[in-house]
Amino acid sequence: MTPERAVDQYLRHITIERGLSSHTIAAYQRDLAQYLEWLAERDITDIAALTPELVAEFGAERASAEPPPAATSLARLQSSVRGLHRFLVREGHTTDDPTGRLKPPKAPQRLPKALTITQVEELLAAPSPEEPLGIRDRALLELLYATGARVSEAIGLDVDDLAHGDILRLRGKGSKERIVPLGSFARAAVDAYLTRVRPTLAMRGSATPKLFLGARGAPLSRQSAWLVIQAAAERAHLTAHVSPHTLRHSFATHLLQGGADVRVVQELLGHASVATTQIYTHVSVDALRDVYVTAHPRARK
């Protein structure tokens with residue numbers, strides 16, 4: 001099988017059978033395009049001819065490129081190539097996996113940046129309650145912070161996903177669904193948007209079940225949601241960089257600081273592994289250390 005055909009079949013697999021997001025699929029496409037280019041330069045026309053040594057050589061060349069790629073980019077590239085070869089073995093197209101002994105590059109652990117509770121309150125209060133789009137923006141911000149939803153999950157919500165009052169149904173990566181509580185402040189903000197604003201926006205566009213709509217009645221886009229958050233951060237005079245993921249980080253950090261169990265937070269965030277969630281515990285430990293140093297009479301000289 002040619003490398004091009006192998007990659008094409010694998011991309012079809014992750015698109016149709018695994019249901020990965022368009023952003024994830026695009027990343028796989030970019031990574032595997034690099035792989036195909038490298039194989040073509042070496043006149044490799046049969047994917048079964050790949051050996052562990054050749055795959056290791058590919059990884060080493062990419063790691064030594066200028067400018068040096070980030071460890072996370074290298075790890076994702078290696079994951080894309082490994083996924084391709086595992087798929088080929090599983091489907092019976094090849095007999096050996098040349099990536100079986102590869103060790104992923106160790107990415108530096110970066111602590112997520114969270115806002116303080118005061119900063120979050122300032123951000124949530126930034127949209128104008130007198131303007132229709134301000135009411136919508138407040139609902140979006142309150143929902144993101146109340147649930148820890150990814151921005152793609154929030155803009156993907158249908159009105160019916162709110163059918164159970166204080167419970168929200170989110171669709172995460174790989175179309176996996178999870179149920180999360182919706183706090184009273186967020187529910188009130190969303191109700192205000194649903195009764196006072198959404199009907200007017202809906203009349204401007206074609207019928208859509210999506211919860212959050214743009215000014216012309218179409219479903220709110222990812223980019224528009226990003227701009228909503230940026231505008232609110234500017235109005236709140238927040239100097240720290242604020243992104244949709246900042247609210248997700250803040251949600252997790254504040255829950256752990258408030259005493260929530262890490263496995264509960266894992267479930268709320270939709271993480272497949274608790275190891276992903278445990279990075280937030282480092283933030284809580286830092287907060288505990290700060291309180292200890294400030295409050296204990298013999299914590300420092």
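Trainee: Which residue in strand 2 is the bridge partner of arginine 171?
Mentor: Glutamate 177 is the partner. Keep in mind that this is a predicted model.
Trainee: In what sense do strand 1 and strand 2 pair, and over how many bridges?
Mentor: Antiparallel, over 5 bridges. Strand 1 covers residues 167–171, and strand 2 runs over 177–181.
Trainee: Which residues of strand 2 are on its covered face?
Mentor: Arg178 and Val180. Glu177, Ile179 and Pro181 make up the uncovered face. In a regular strand, side chains alternate between the two faces of the sheet.
Trainee: Switching to the core. Which residues of the largest nonpolar core touch the most other members?
Mentor: Leu123, Leu140, Leu143, Tyr193 and Phe212, out of 48 residues. Helix 6 gives the most to this core, 7 residues.
Trainee: What is leucine 143 in contact with, beyond its neighbours within four places in sequence?
Mentor: Its contacts include Ala154, Leu168, Val190 and Phe212.
Trainee: And pockets? How much space lies in the second largest pocket?
Mentor: About 380 Å³. Its lining has 15 residues. Leu124, Glu142, Tyr145, Ala146 and Phe185 lie nearest the centre.
Trainee: Which helix supplies the largest share of that lining?
Mentor: Helix 6, with 4 residues. Helix 5, helix 8 and helix 11 are also among those that supply at least two each.
Trainee: How does the lining divide into nonpolar, polar and charged?
Mentor: 9 nonpolar, 3 polar and 3 charged.

Note on methods
Residues numbered from 1 in each chain as written. Predicted model: local features only at pLDDT ≥ 70, side-chain atom pairs only at ≥ 80, totals over all residues. Heavy atoms only, no water. 1 Å grid on protein atoms, 1.4 Å probe; cavity = no way out; pocket = protein on both sides within 12 Å on 5 of 7 lines; lining within 4 Å. Points joined across faces, edges and corners; volume = space filled by probe spheres on them. Nonpolar A, V, L, I, M, F, W, Y, C, P; charged D, E, K, R; others polar. Buried < 20%, exposed > 50% of the residue type's maximum accessible area, 1.4 Å probe, protein only. Pairing = 2+ DSSP bridges. Core = buried A, V, L, I, M, F, W, Y, C linked by side-chain atoms within 4.5 Å. Contact = heavy atoms within 4.5 Å.
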